[in-house]
Amino acid sequence: MIKQVFHSGLAMLGMVSAVAWATETPASLMVHYAATASVPVSALSAPRGAALYRTEHPGRNAQTVSCAGCHTADPKQAGRTRVGKRIEPLAPAANPERFTDAAKVEKWFRRNCMDVLQRECSAQEKGDFIAWLSQIK
Amino acid sequence: MNYLLRGIGVLATVGTISMLAFSLPSGGKAHGDGGGDALPRLTHKNWQQECASCHIAYAPSFLPKASWRRVMGGLDQHFGENASLDPATQADILRFLEANAADASPSQMGRRVMQGMGANDAPLRITETRWFVRKHDEVPLATWSRKSVGSAANCAACHRQAEQGVFDEDAVRIPK
């Protein structure tokens, strides 16, 4: 009995801290990026997001780079970093933790857009990208 | 019932304290230096979270302080990838790496890595250190480029418990 109460107490503590860390949702981030781009959320485009994910760009060593290169052609699958470490799936349908932490989302857009596009992504592009990934069932 | 409630209170307090002990970012505390090729077990929240996003969190004792300063000063071009961090996190991780670097901590691994290292040497890659080269001199070149290995940066391909700091030669399994 005591153990049960203790365990459910721990579980509640865990939930509270999870909520405290993950306040965003894919939908709320789409609202944020649409507002930053000064467009309505309805102007975000899943097909444009898919194209951003798949398009191959000239890389540094005469090889092409794309998001799909590391995250695989199917964002519901796990990818691999260049040194072979597993990357959890990008699509929220396969990995509900995705797009729930604004700072983390910004950090990875900054890094990966610089690597793939050699520039930062625009707010519109970020919104398109999440629009596409979040409608994958 | 009173005792029951009090018991729950005590348990909850103990539980909370022990949870805090596990979840607090420690200042990078070492829990002893195991012999052989076992590394001191280090805990540091940002080092583990950030450095281990793309590869294992390489042990600070694999490189001297000067190397870590070069690595952390060039994260926007980190071996061909942008691994930039916010300044506060970057500084926090560098402090931890310097405090536990090969030439800072009295670890056995650190002493080995520093053998033959010049005073001004600051290699960017662990694989460039004499210690690493000597330790892996029997591994054929072709093995490193196997798809299952990927590159020499992927310690865990062969050292299956690398993430736990275990690099014993007996535990090495080179994948096909």
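In what order do the elements of chain A run from the N terminus on?

Analyst: This is a predicted model, in which local features need pLDDT of at least 70 and side-chain atom pairs count only at pLDDT 80 or more, while totals for chains, interfaces and linings use all residues. Residues are numbered from 1 along each chain as its sequence is written, and chains are lettered from A and ligands numbered from 1 in the order in which they are written.

From the N terminus on, the order in chain A is α-α-α-β-β-α-β-β-α-α. That pattern holds six helices and four strands. Helices here are DSSP runs of H or I with at least four residues, strands are runs of E with at least two, and both are numbered from the N terminus.

Chain A has 137 residues, and 21% of them are buried. A residue is buried if 20 or more other C-beta atoms lie within 10 Å of its own, exposed if 12 or fewer do, and partly exposed in between, with the C-beta atoms placed from the backbone. Two residues are in contact if their C-beta atoms, placed from the backbone, lie within 7 Å. Among the contacts in chain A with a separation of 6 or more, 55% join residues 24 or more positions apart.

One pair of helices shows how such elements meet. Helix 2 of chain A covers residues 26-36 and helix 6 of chain A covers residues 123-134; their axes come within 8 Å and cross at roughly 155°. An axis is a line fitted to C-alpha atoms, for helices over the stretch in contact, and the angle between N-to-C directions runs from 0 to 180 degrees. The two helices, helix 2 and helix 6 of chain A, are therefore roughly antiparallel. Angles over 145 degrees count as roughly antiparallel, under 35 as roughly parallel, 65 to 115 as roughly perpendicular and the rest as oblique.

The crossing of helix 2 of chain A with helix 6 of chain A is left-handed, a term used if the near helix is turned anticlockwise from the far one by less than a right angle, with right-handed used if clockwise. On the side of helix 2 of chain A, the contact is made by P26(A), L29(A), M30(A), Y33(A), A34(A) and T36(A). Helix 6 of chain A contributes A123(A), K126(A), G127(A), I130(A), A131(A) and S134(A). By class, the residues of this contact between helix 2 and helix 6 of chain A are eight nonpolar, three polar and one charged. Ala, Val, Leu, Ile, Met, Phe, Trp, Tyr, Cys and Pro count as nonpolar, Asp, Glu, Lys and Arg as charged, and the others, Gly among them, as polar.

C70(A) is found in helix 4 of chain A, residues 67-71. It is partly exposed, because 18 other C-beta atoms lie within 10 Å. Leaving aside neighbours within four places in sequence, C70(A) is in contact with G79(A), R80(A), T81(A) and I87(A). R86(A) is 16 residues from C70(A) along the chain, and their C-alpha atoms are separated by 9.6 Å.
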